[in-house]
Amino acid sequence: MAVLGTAAVEVFIPLASLIGIAFAVLQWYVVAKVPVTTHGSAAASASQGGKGGRRGSARSNEDVPEEEEVEQGDDDDGEDGIDRLAASARCAEIQQAISIGATSFLLTEYKYLAAFTSAFAAVIFVFLGSAHRFSTRPEPCAHDASRQCRPALAGAAFSAVAFLLGALTSVLSGYLGMRVATFANARAALEARRGVGDAFAVAFRSGAAMGFLLASSALLVLYAAVNLFGLYYGDDWGGLYESITGYGLGGSSVALFGRVGGGIYTKAADVGADLVGKVERNIPEDDPRNPAVIADNVGDNVGDIAGMGSDLFGSYAESSCAALFVASISSFGTEHNFTAMMYPLLVSAVGLLVCAVTTVVATDVSKVRRTDEVGPALKRQILISTVLMTGGIAAVTFLALPAQFTLFDFGNVKHVKNWHLFICVSAGLWAGLVIGYVTEYYTSNAYAPVQSVARSCRTGAATNVIFGLAVGYKSVIIPILAIACAIYAGFRLAAMYGIAVSALGMLSTIATGLAIDAYGPISDNAGGIAEMAGLPPRVRERTDALDAAGNTTAAIGKGFAIGSAALVSLALFGAYVSRAGIAAVDLLSPRVFVGLLAGAMLPYWFSAMTMRSVGSAALRMVEEVRRQFDTIPGLAEGLASPDYATCVRISTDASLREMMAPGALVMLSPLVVGTLLGVEALAGLLAGALVSGVQVAISASNSGGAWDNAKKYIEAGVSEEARALGPNGSEAHKAAVIGDTIGDPLKDTSGPSLNILIKLMAVESLVFAPFFAAHGGIIFDHL
């Protein structure tokens, strides 16, 4: 018997969620204490005159000792003659413009998604209801014919409700993440005047606020849904957790459009700004003369923040749903062992507490004081959270699970011990650490791969592209081996349930993962605001140091997302095979092999669509930026202001229009294949997309990251070799910028979206499996 009782579980899971939310609010409160001076308050302070009027720093006189400010920050008027109050007010203006642009885009996007989710919820209801002719009578349970389960029509209705609930939670995850980021970016820039440590604290606390808010709300909503649905289903746990799978489908559906739409937005602006600004006009990054600079900073928030938040929420929801479904048809479900059933949620709850401790280490125990401490501090977050979480997993496993139990194994019964699941979850957790460190090695400019890409720029853009592609391809090897080891350990010890909880292990530290991932775009925005507001050069140097580390952590975050997507998709694949009633997936069957080939092709088709979408939008952006430089007198000299709004409108219109086709490809492929070709062909489709998509996603993301940091390596000039390749505007630097623009859509649009493709198709197939089993195979059944 388990030590942890039902009552303790019913208290611990929501309590851990509420603690996580409270911790997020605390981080928000600390960040909010950094004031951003508006023009009105700046003028009022200036009119007071004297020492008090002159001090417009990010904190008041009482907050900052004179010695500290002189040593770490800049004088009030600065060595560059920059008025601090005016600069602070300018930061507030830019922050407001970025926030308005991001909010406007997301609200417009969500209007489209509201119509889509409503229509697709109706499709779910109709398809699942028709699988059993809209029956309202109790039917024999699928995995225990001796028992009567709830009507199929009820399952269709609850699946549709769960889909809408998942979609709503995903929307809130993305939107709240964007609000946190746009609230913090100017504050990070202003704190950089005091020192790199203060700026790091603001950026990291803001990322932590987003991470804990998202992870905690996702867990709380899922737990509430299980309990609310349980009021109707009673002891029909199989039907209950079949319906809950719609929660994961809703989350990933919104994440797909968020990632694709946000990725097109941000990369159209980024490519346009870099090609014209850096290559043609030889002006610095984020220079206020560049008409695309506001759109570029807005894109960081709607793509890298909102899209990434929805993406990782989808991974968490799907892995939890897969684990709960498999458990419901195992001894946990048949014996109605609530504590054991909640094991996946208990792991996530412990993860919140572990991540809170880890965050305190970064912000209060081992503070960053120099630029060379930023990268190691972020890496320590991953390592500390992994080590502590291993102990947490052991505690949950031995307290919540009986010593021995049985699990579903494709029609067979597998006898499992509780320590087997400890190994499964830990395998996923440590595989994530390996993927993170390998990703850092291949994308950080502190190591040989990126430096070799930078050296290749001496002979032009062509060799830069060749070396970058080679780095991306090579970076696939170790992550795939790590994922393969986690899969083998999970399946060997606990069948498909072992793979599902292995995915949860990789995502158990999702709050920390989101914190270090969101830290990157916040730091990037802070650097852009510092440049546009005319803050002293030393401030930009500090934000650039934060941004360089943020680029690597963003790549690490993408690695985690892709690795977890592989494990989640395989777990969902196993659940689909079970629910569809497939005895075995035979690769020698022509139906399966046809689906396998089609599935392996889909990531390339999808990538082609997203890359072309970014290219088309970037083409219009480049033309607009060139037009403004050519037609606005004095713009190049800084004597006139550019038309930022037109560039924002170009990115918005292009992303909303171009995201439809890739999204439709992903959403319709399982429906078409399952209906026309049948459940076996669909199984092949899912397997092919999984094997192909994971490898394309890793190589695309890491190639883009390597090109980006090779450019920054040259721009920073931190070594003799880097200085020899520069300065900015040199032929080597222009070649690096071209490589970076090629890599932008790879690492921020196509690559991250591919992991959603493989997850979304798998969970969609799982939800619609009863319909495909009843009515699928229209073509193959007649050939």
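In this predicted model, Phe200, Ala203, Phe204, Ser206, Gly207, Ala208, Met210, Gly211, Phe212, Leu214 and Ala215 of helix α7 meet Ile510, Ala511, Leu514, Ala515, Ile516, Ala518, Tyr519, Ile522 and Ser523 of helix α18. Contact here means heavy atoms within 4.5 Å. By class, this contact has 16 nonpolar, four polar and no charged residues. Ala, Val, Leu, Ile, Met, Phe, Trp, Tyr, Cys and Pro count as nonpolar, Asp, Glu, Lys and Arg as charged, and the others, Gly among them, as polar.

Residues are numbered from 1 along each chain as its sequence is written. Local features need pLDDT of at least 70 and side-chain atom pairs count only at pLDDT 80 or more, while totals for chains, interfaces and linings use all residues; side-chain values use heavy atoms, with hydrogens and water left out.

Helices (H or I, at least four residues) are DSSP runs numbered from the N terminus. Two helix pairs are listed below.

| Pair | Axes come within | Crossing angle |
|---|---|---|
| α7 and α18 (residues 510-533) | 7 Å | roughly 135 degrees |
| α20 (residues 590-631) and α21 (residues 644-658) | 10 Å | roughly 165 degrees |

Axes are lines fitted to C-alpha atoms over the stretch in contact, and angles run from 0 to 180 degrees between N-to-C directions.

In the second pair, residues of α20 including Ser613, Arg620 and Glu624 meet residues of α21 including Thr646, Ile650 and Arg657. The residues of this contact divide into six nonpolar, five polar and four charged.

The largest nonpolar core has 233 residues, and Met342, Tyr343, Tyr497 and Tyr576 have the most contacts inside it. Such a core is a set of buried Ala, Val, Leu, Ile, Met, Phe, Trp, Tyr and Cys residues joined through side-chain atoms within 4.5 Å. Buried means under 20% relative accessible area, exposed over 50%, and partly exposed in between (1.4 Å probe, protein chains only). Helix α7 (residues 196-233) gives the most to this core, with 20 residues. Beyond its neighbours within four places in sequence, Met342 is in contact with Val9, Ile13, Tyr223, Val226, Tyr241 and Leu324.

Asparagine 282 has a positive phi of about 55 degrees although it is not a glycine. This residue is in the loop between α8 (237-280) and α9 (293-328). Asparagine 282 is partly exposed, with a relative accessible area of 46%.
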